[in-house]
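I opened this entry to keep a record of what I looked up in the model and in what order. The sequence and structure come next, and my notes follow them.

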Amino acid sequence: MTISKSDMLIVTTDGIPGREVAEVLGLVRGSTVRAKHLGTDIVAGLRNLVGGEVREYAALLAGSREQALDRMIDEACGLGADAVIAVRVQTSMIQQGASEVLAYGTAVRLA
């Protein structure tokens, strides 16, 4: 049975309560690298003067996380997984103004 992306279980725990892991398929990951936009920097700089949330950067990072998770799920679907357990999301700076967002976990088939 092939599971759709929308039915894939994604959890940060090492297991799924009430479900048994029948097979571990291996590490799956997805990443994206995003750079800031000059216009965004100008608006964010002005917002930084008065304080508060820098919504432009928050939106950029939220989109990056979603894309990294989507790519991880695509890889898990390709392996025939029902779920991805022990999911983690990590961010690292590649260069000034550019960051990588990496999502990774263990693809499994459930009993």
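How many residues does helix α2 have, and what span does it reach from its first C-alpha to its last? I found 25 residues, 55-79, and a reach of 36 Å, close to the 36 Å expected at 1.5 Å a residue; the expected span is 1.5 Å times one less than the number of residues. Helices (H or I, at least four residues) and strands (E, at least two) are DSSP runs, numbered from the N terminus.

Before going on I noted that this is a predicted model, in which local features need pLDDT of at least 70 and side-chain atom pairs count only at pLDDT 80 or more, while totals for chains, interfaces and linings use all residues. Residues are numbered from 1 along each chain as its sequence is written, and side-chain values use heavy atoms, with hydrogens and water left out.

**Helix α2 and its surroundings**

I next looked up which residues of α2 are buried (under 20% relative accessible area, with exposed over 50% and partly exposed in between; 1.4 Å probe, protein chains only). They are S64, A68, L69, M72, I73 and A76, and the buried residues of the helix pack against β1 (9-10), β2 (21-35), β3 (83-95) and β4 (98-110). Just after α2, I noted that G80 takes a positive phi of about 85 degrees.

**The chain as a whole**

I read the pattern β-β-α-α-β-β along the sequence, with 2 helices and 4 strands in the protein chain. Buried residues make up 26% of its 111 residues. For contacts (heavy atoms within 4.5 Å), I recorded that residues 24 or more positions apart account for 75% of those with a separation of 6 or more.

**Salt bridges**

Which residue forms a salt bridge with E23? Taking a salt bridge as a side-chain nitrogen of Lys or Arg within 4 Å of a carboxyl oxygen of Asp or Glu, I found R109 as the partner, the closest N and O atoms being 2.6 Å apart. E23 lies in strand β2 and R109 in strand β4, so the pair ties together parts that are 86 residues apart in sequence. E23 is partly exposed at a relative accessible area of 37%, and R109 is partly exposed at 30%.

I then looked up E75, which forms a salt bridge with R29, the closest N and O atoms being 3.9 Å apart. This pair links distant parts of the chain, E75 in helix α2 and R29 in strand β2, 46 residues apart. E75 counts as partly exposed at 31% relative accessibility, as does R29 at 44%. By this rule my count comes to 2 salt bridges.
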